Amino acid sequence: MVKVYSYADSQDVANSVAQYVIEHQNAALSKGDKFKIAISGGSLGKVLNKGLIANSENYAKIQWSKWEVYFSDERLVPLDHEDSNYGLFNEMVLKSLSEKKQQLPKVFTIKESLLSDDGSTDSEIAKDYESILPESLDVILLGCGPDGHTCSLFPGHKLLSERSVRIAHLNDSPKPPPRRITFTFPVLFNSGNIAFVAEGAGKAAILSKIFDTKKSGLPCELVNEGSVPVAWFVNDAAIEGVPVTASKY
Ligand SMILES: O=C(O)[C@H](O)[C@@H](O)[C@H](O)[C@H](O)COP(=O)(O)O
């Protein structure tokens with residue numbers, strides 16, 4: 001099931017993403033003692049900051065110490081590198097939590113000590129990350145690239161058909177940096193819930209292809225076609241002219 005939630009204002013998008021996260025956090029914590037969430041890079045860090053931290057009402061509802069945070073993809077650079085998705089999450093979320101003396105979530109990063117300049121250890125990094133990944137994530141938050149990629153699963157790339165490993169590595173990402181690790185479809189399709197966040201008029205062209213009844217085979221479309229419930233949080237500009245019916249969360 002795919003649902004689209006759209007708002008004129010970016011703060012409302014962030015607030016509804018936060019509500020979604022809080023709802024799934026509460027559902028997970030009513031059944032167990034951890035909330036397992038995966039996040040992506042791009043503008044998601046900013047959205048989480050706006051929705052979960054800057055909004056004090058939402059902030060009060062987050063049980064950060066019970067969160068386990070994973071990354072749907074990661075660039076194979078040191079964790080303090082400007083390209084690191086962990087680095088972005090650290091800047092946008094963890095630092096604010098530290099300033100507030102908040103107990104931090106448990107964050108699962110690539111093993112930095114395995115990084116090599118020539119990429120010879122990239123497969124080891126992927127294997128290591130796979131070994132710490134839980135069987136199933138409660139929520140995966142994804143972005144949608146202007147080419148329809150998500151995680152580091154790019155249109156037409158051979159990893160779209162990878163089913164034998166849960167974490168794959170690639171050295172030919174069309175978007176720099178080229179060396180990355182990524183969730184594969186088995187991880188996405190074995191999760192509890194998936195949400196995309198896509199904002200801006202620049203997304204309308206690719207969203208038109210993803211939501212067209214004519215199949216495009218784009219990675220985001222493949223996620224929509226799985227059996228995991230998918231929610232899209234967008235602003236109105238991103239779906240202008242896109243054949244979808246949107247509502248409020
Ligand atoms: O892999 C990358 O190089 C980016 O992180 C990318 O996947 C990003 O998440 C999307 O392009 C969505 O970007 P926005 O969140 O800015 O829309």
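Two strands are said to pair here if DSSP finds at least two bridges between them. By that criterion, in this predicted model, strand E2 (residues 35-39) pairs with E6 in the parallel sense over two bridges, and within this pairing alanine 38 stands opposite isoleucine 140 of E6. Strand E6 (residues 139-143) also pairs in the parallel sense with strand E9 (residues 193-198), in this case over five bridges, with valine 139 facing asparagine 193 in E9. Four of the five residues of E6 are buried, and the strand is accordingly described as mostly covered.

These pairings belong to an open sheet of eight strands, in the order E5-E3-E2-E6-E9-E10-E1-E11, with parallel pairing. Its edges are strand E5 (106-107) and strand E11 (246-247), each of which pairs on one side only. Strand E1 (residues 2-7) is joined to E11 in the parallel sense over two bridges, and valine 4 has alanine 246 of E11 as its bridge partner. Helix H1 packs on this sheet, where it touches E1, E2, strand E3 (67-71), E6, E9 and strand E10 (230-235), and its direction makes about 155° with that of E10.

A further open sheet has three strands in the order E4-E8-E7, with antiparallel pairing. Strand E4 (73-75) and strand E7 (167-170) are its edge strands, each pairing on one side only, and neighbouring strands of this sheet are turned by 20° against each other on average, direction ignored. Four bridges join E7 to strand E8 (residues 180-183), the two running antiparallel, and alanine 168 stands opposite threonine 182 in E8. Helix H5 (residues 122-132) packs on this sheet and touches E7 and E8, its direction making about 160° with that of E7.

Helix H2 (residues 44-54) is largely enclosed by the rest of the structure, because eight of its eleven residues are buried, among them Leu44, Val47, Leu48, Leu52 and Ile53.

Is lysine 215 buried or exposed? With 61% relative accessibility, it lies above the 50% cut-off, and lysine 215 therefore counts as exposed. Lysine 215 is found in the loop between helix H7 (204-210) and helix H8 (219-224), and, not counting residues up to four places away in sequence, it touches Glu221 and Glu225. With glutamate 225 there is a polar contact between the two side chains, at 3.1 Å. Lysine 215 and tryptophan 232 are 17 residues apart in sequence, and their C-alpha atoms are 18 Å apart in space.

Finally, an unreviewed UniProt entry annotates residues 9-232 as "domain: Glucosamine/galactosamine-6-phosphate isomerase". Over residues 9-232 the chain is 36% helix and 17% strand, and the end C-alpha atoms are 15 Å apart.

Notes. Residues numbered from 1 in each chain as written. Predicted model: local features only at pLDDT ≥ 70, side-chain atom pairs only at ≥ 80, totals over all residues. Heavy atoms only, no water. Buried < 20%, exposed > 50% of the residue type's maximum accessible area, 1.4 Å probe, protein only. Contact = heavy atoms within 4.5 Å. Polar contact = N/O pair within 3.5 Å; in protein donor to acceptor, adjacent residues only side chain to side chain. UniProt positions renumbered as here; feature names shortened; annotations may be inferred. Axes fitted to C-alpha atoms, helices over the stretch in contact; angles between N-to-C directions.
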